[in-house]
Amino acid sequence: MPFLDWVNKNQAKEATRGVPYHLLKQESVHGNVSGANADNLLIQGDNLLALKALIPFYAGRVKCIFIDPPYNTQSAFEHYDDKLEHSQWLSMMYPRLVLLRELLSKDGFIILHIDDAESHYAKVLMDEIFGRSNYQTSIYVQVRYTSKTLKSDMAYHKQIEQALVYRHSWGAKPYKPTIQTEGFEKFNFDITVSGQGREIVLGGKSVTVYRPGEYEIKKVEGHVNGLKEIWATGSILDGNSSGRFFRDYLAGRFEEDGAGALYKVADIGDDGLGYRYLTGPKKASATKGKYFQGVPMEKRSLDVQDAELPIENFYDFSPQFGNCRNEGGVDFRSGKKPEAYIKKMLDLFSKPGDLVVGSRMITHVLDE
């Protein structure tokens, strides 16, 4: 099988060798890092050296790897440059992919998120390192609304990016999900948004306002990822965070937002979504609205997957990509991946208790 060749490929191969590096110390601002927490590491530094430091301890143990390498778009962003000559980009990627393969268990998977600037070369590079027979699929991810372009003068609108999925060897099996209905009959609504919405702040929370035509509320068969419709009225207005938020901030917004507005409120609820949808009054004199609650985390089964349904190769995460820049309390624009998307990938290719590795690989951090 023909492989890629480029200037300084031999040096890239040499970068995988040498004396392993060692972590100087392991510490945490969140408490003890021994016992059950011993395998949890957050490493800040050169990822090639970090990988070499991990190999002696974790080689062959990692079930799932998710990496987000530089796209090599030849652009400069606020905090880092994404400009490498093509052969430099290949030389940067090669040793890291080789070491990541060493970390994978025999039944493990690696997901590489990329756009089309280098995706075709990344595919051939991974064919060489992981074996073409271990290529599984390309999952296409909508990361941007149809109506929201990066620059008004761009000739092409980049809406879709992709995740290249490889297994370590033939015995690796993904966790193919199925919609669960038992016990979730009341969680029988799905909400999809198609418009960009308008971002505001209410009560110290980030809120995206969608007008009619920018979203769809659909009644479906109840399932674990469905939403339950609850009227925000009566005692609920005083009883929980969603009811109080509607009472204090949405009940009087008819003039500002009109009839039929949908509100996506960040950092509210106990269902693990990180947001909650609420609808405003249908007319100026109305005082009622609704909110849509997901299945609470403690009621979700930890294993709601079986091998009956195939994994889809397209997911629309444009709303999450459009509203993730402050997730985790960190403001990072242009390239941050939403937690919901990463969780989806980990759910497909690992299960609770598995070792996973994630990396945000940046080539050159700009001086502050």
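A salt bridge here is a side-chain nitrogen of Lys or Arg within 4 Å of a carboxyl oxygen of Asp or Glu. One example is Lys351 with Asp354, where the closest N and O atoms are 3.7 Å apart. This is a predicted model, so local features need pLDDT of at least 70 and side-chain atom pairs count only at pLDDT 80 or more, while totals for chains, interfaces and linings use all residues. Residues are numbered from 1 along each chain as its sequence is written, and side-chain values use heavy atoms, with hydrogens and water left out.

**Salt bridges**

- A search of the whole structure turns up 14 salt bridges.
- Asp257 and Arg198 meet through their side chains at 2.6 Å, N to O. Asp257 lies in helix 7 (residues 254–257) and Arg198 in strand 8, so this pair ties together parts 59 residues apart in sequence.
- Asp257 is buried, at 1% relative accessible area, whereas Arg198 is partly exposed at 36%.
- Lys290 pairs with Glu229, with 2.8 Å between the closest N and O atoms. Lys290 is in strand 14 (residues 289–294) and Glu229 in strand 11 (residues 227–232), so the link spans parts 61 residues apart in sequence.
- Asp115, Asp116 and Lys158 are linked in a network of salt bridges.

**The sheet and its helices**

- Elements are DSSP runs numbered from the N terminus: helices are H or I with at least four residues, strands are E with at least two.
- Six strands make an open sheet in the order 15-5-6-4-1-16, with mixed pairing; two strands count as paired if DSSP finds at least two bridges between them.
- Strand 15 (314–316) and strand 16 (356–360) are the edges, each pairing on one side only.
- Strand 1 and strand 4 run parallel, joined by five bridges, and Ile67 stands opposite Leu112 in strand 4.
- Helix 3 packs on the sheet, touching strand 1 and strand 4, and its direction makes about 150° with that of strand 4. Such angles run from 0 to 180 degrees between N-to-C directions, with axes fitted to C-alpha atoms, for helices over the stretch in contact.
- Helix 4 packs on the sheet too, touching strand 4, strand 5 (135–142) and strand 6, and its direction makes about 5° with that of strand 6.

**Nonpolar cores**

- A nonpolar core is a set of buried Ala, Val, Leu, Ile, Met, Phe, Trp, Tyr and Cys residues joined through side-chain atoms within 4.5 Å.
- The largest one has 36 residues, and Ile65, Leu97 and Leu103 are among those with the most contacts inside it. Helix 3 gives the most to this core, with ten residues.
- Leaving aside neighbours within four places in sequence, Leu103 is in contact (heavy atoms within 4.5 Å) with residues including Leu51, Tyr58, Val62 and Ile65.
- A second, separate core of 17 residues includes Tyr315, Tyr341, Met345 and Leu348.

**Leu4**

- Leu4 sits in the segment before helix 1 (9–14) and is buried, at 17% relative accessible area.
- Beyond neighbours within four places in sequence, the contacts of Leu4 include Leu90, Tyr121 and Leu125.

**The hairpin of strands 8 and 9**

- Strand 8 (residues 198–202) and strand 9 (residues 205–210) pair in the antiparallel sense over five bridges, and Ile200 stands opposite Val207 in strand 9.
- Two residues lie between these strands, and Gly203 takes a positive phi near 60° in this hairpin.

Note on methods: Buried means under 20% relative accessible area, exposed over 50%, partly exposed in between (1.4 Å probe, protein chains only).
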